[in-house]
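Please keep the sequence and the structure in view while reading.

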Amino acid sequence: MKGIKKRIKQGESVLGCWLNLGSALTAEIVGQTGFDWVLIDLEHGAGNEKDVLAQLQALNASNSAALVRVESSEHQRIHRILDLGAEGIMVPHVDNDEIAKKVVSGLRYPPEGIRGVAKMVRASNFGKSFDDYHKTANENILGVVQIECLEALDFVDEIAAIDGVDVLFIGPADLTMSLGIFGQFDHPLFLDALNKTIMAANKAGKATGILIFNPDDYKKYNDMGIRMIACGADATFVVEGARNMLQKLTAQKAL
């Protein structure tokens with residue numbers, strides 16, 4: 001474990017990005033750049049659970065904490081990824097406090113939750129360090145729930161108050177879609193939703209996160225009090241690099 005939960009709870013601003021190609025090689029490349037955390041995306045990414053294992057192994061030698069966004073709040077999805085050794089779980093569309101409770105239950109061993117006990121898994125060094133892993137799991141595993149729709153805004157205070165929910169992570173694309181203002185990130189309705197989420201998190205002593213699409217917006221959101229900020233993805237980096245190279249070559253060809 002690389003202590004990302006402790007850093008966030010201490011109020012540190014941590015920088016991350018998405019991994020959505022399902023590639024161990026791009027995971028290794030991105031991890032070596034020095035992001036505080038990276039998120040392997042099973043909701044919209046190209047990879048599956050088998051690919052997650054290779055990506056976690058590739059990230060092991062980096063300083064980037066490896067988080068995984070699962071497809072849903074179903075316990076089996078959460079259990080399998082935790083057993084593979086993820087340091088945190090992000091769950092999309094946590095639209096009310098009942099779903100949030102279900103998420104936390106999946107993150108924790110009994111009696112606090114219903115996570116199944118398996119010693120011979122990668123997370124516990126295949127049984128070698130299960131006792132230590134079990135003892136420290138609650139303090140080390142980061143629970144991130146996404147606020148992405150109107151219903152979630154109605155329950156945001158209740159969601160934030162649940163022990164085990166560490167970060168309220170705003171999904172700007174889905175949230176603006178739900179608000180009927182898709183992509184309008186300066187719209188008053190979106191800014192009100194942001195403020196409501198931040199206030200709920202602050203009141204409960206929790207952190208707020210967001211995915212931004214322009215790195216120049218970092219200061220804007222950080223000044224709002226958002227401390228877990230992501231920008232970019234391995235696919236984005238490849239596309240931008242390829243386009244940039246073609247533009248340079250085309251410009252030279254035209255000389």
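Pro-111 sits in the loop between α5 (97–107) and α6 (130–140); helices (H or I, at least four residues) and strands (E, at least two) are DSSP runs, numbered from the N terminus. The model is predicted, so local features need pLDDT of at least 70 and side-chain atom pairs count only at pLDDT 80 or more, while totals for chains, interfaces and linings use all residues. Residues are numbered from 1 along each chain as its sequence is written, and side-chain values use heavy atoms, with hydrogens and water left out. A cis peptide bond, with omega of about 10°, joins Pro-110 and Pro-111.

Most residues other than glycine have a negative phi, and most peptide bonds are trans. Phe-126, in the loop between α5 and α6, has a positive phi near 55°. His-93 also has a positive phi, of about 50°, and is not a glycine. His-93 belongs to the loop between β4 (88–91) and α5. His-93 is partly exposed, with a relative accessible area of 32%; buried means under 20% relative accessible area, exposed over 50%, and partly exposed in between (1.4 Å probe, protein chains only).

## A covered strand

In strand β5 (residues 142–147), six of six residues are buried. In a regular strand the side chains alternate between the two faces of the sheet. Leu-142, Val-144 and Gln-146 are buried on one side of β5, and Gly-143, Val-145 and Ile-147 are buried on the other.

Two strands pair if DSSP finds at least two bridges between them. β4 and β5 run parallel and are joined by four bridges; Ile-89 has Gly-143 of β5 as its bridge partner. β5 also pairs in the parallel sense with strand β6 (residues 167–170), over four bridges. There, Val-145 has Leu-168 of β6 as its bridge partner.

## Cavities

A cavity is a set of points, on a 1 Å grid over the protein atoms alone, where a 1.4 Å probe fits but cannot get out; lining residues have an atom within 4 Å of a point. Grid points are joined across faces, edges and corners, and a volume is the space filled by probe spheres set on the points. The structure has two cavities of 30 Å³ or more.

The largest cavity holds about 50 Å³ of space. Its lining consists of Lys-5, Leu-107, Arg-108, Ala-137, Asn-138, Ile-141, Gly-164 and Asp-166. The second largest cavity has a volume of about 30 Å³. Among the 13 residues that line the second largest cavity, Gly-22, Ile-40, Asp-41, Gly-47 and Gln-55 are the closest to its centre.

Definitions and conventions. On a 1 Å grid over the protein atoms alone, a cavity is a set of points where a 1.4 Å probe fits but cannot get out, and a pocket is an open set with protein on both sides within 12 Å along at least five of seven lines; lining residues have an atom within 4 Å of a point.
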